[in-house]
Amino acid sequence: MRILVIGGNGFIGSLLVSELLCSGHEVAVFHRRSDVDLTESGVVQIQGDRNRLSDYEDQLRRLSPDVIVDLILSSGEQARQLVETAHEI
């Protein structure tokens with residue numbers, strides 16, 4: 001299964017990503033940090049701003065995730081953006 005983890009390079013996210021990889025899933029992480037490199041572990045990275053999720057719609061569409069886990073969802077507006085963007089991809 002292809003799984004997108006938004007905010008997957010923090011404390012909880014890194015543990016989740018590790019478990020997903022060990023379970024045989026394809027994992028992509030959407031994050032904002034430029035000093036993090038997850039590619040050697042086989043993780044696809046999308047660097048960007050969570051508050052502008054729709055700006056990355058093309059990259060997310062190419063990824064075509066089966067599941068999206070958002071670990072930084074903190075408002076109704078972010079939830080609305082996530083649902084709208086997920087619907088488009």
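This passage walks through a predicted model, starting with its sheet and moving on to its helices and a few individual residues.

Four strands form an open sheet in the order β3-β2-β1-β4, and their pairing is parallel. Strand β3 (44-47) and strand β4 sit at the edges, each pairing on one side only. From one strand to the next, the twist averages 20°. In general, the strands of a sheet pair through backbone hydrogen bonds, in either a parallel or an antiparallel manner. Here, β1 and β2 run parallel and are joined by five bridges. Within this part of the sheet, Val 5 is found opposite Val 29 of β2.

Strand β2 also holds His 31. With a relative accessibility of 4%, His 31 falls under the 20% cut-off and therefore counts as buried. The side chain of His 31 makes a polar contact with the side chain of Gln 45, at 3.0 Å.

Helix α1 comes next. This helix covers residues 11-22, and its twelve residues should span 16 Å at 1.5 Å a residue; the end C-alpha atoms of α1 are 17 Å apart, which agrees with that expectation. Gly 13, Val 17 and Leu 20 are the buried residues to look for in α1. Because they cover an arc of only 65° around the axis, these residues lie on the same side of α1. On the other side of α1, Phe 11, Ile 12, Leu 15, Glu 19 and Cys 22 are exposed. The cover over the buried residues of α1 includes strands β1 (2-6) and β2 (26-31), two strands that also pair with each other in the sheet. Just after α1, Gly 24 adopts a positive phi of about 90°.

Phi of Ser 64 is near 50°, a positive value in a residue other than glycine. At 29% relative accessibility, Ser 64 counts as partly exposed.

Buried residues in α3 are Gln 78, Gln 81, Leu 82 and Thr 85. They cover an arc of only 100° around the axis, so they are placed on the same side of α3. Gly 76, Val 83 and His 87, on the other side of α3, are exposed. The packing partners of the buried residues of α3 are β1, α2 and β4.

Among the buried residues of α3, Gln 78 deserves a separate look. This residue belongs to the helix spanning residues 76-88. The relative accessibility of Gln 78 is 9%, which is why Gln 78 counts as buried. The side chain of Gln 78 reaches the backbone nitrogen of Ser 74 at 2.8 Å. Leaving aside residues up to four places away in sequence, Gln 78 touches Arg 50, Asn 51, Ile 72 and Leu 73.

Definitions and conventions:
Residues are numbered from 1 along each chain as its sequence is written. This is a predicted model: local features need pLDDT of at least 70, side-chain atom pairs count only at pLDDT 80 or more; totals for chains, interfaces and linings use all residues. Side-chain values use heavy atoms; hydrogens and water are left out. Buried means under 20% relative accessible area, exposed over 50%, partly exposed in between (1.4 Å probe, protein chains only). A polar contact is a pair of N or O atoms within 3.5 Å; within protein, one must be able to donate a hydrogen and the other to accept it, and residues adjacent in sequence count only if both atoms are side-chain atoms. Contact means heavy atoms within 4.5 Å. The expected span of a helix is 1.5 Å times one less than its number of residues. The arc is that of the directions from the helix axis to the C-beta atoms. Two strands pair if DSSP finds at least two bridges between them. Axes are lines fitted to C-alpha atoms, for helices over the stretch in contact, and angles run from 0 to 180 degrees between N-to-C directions.
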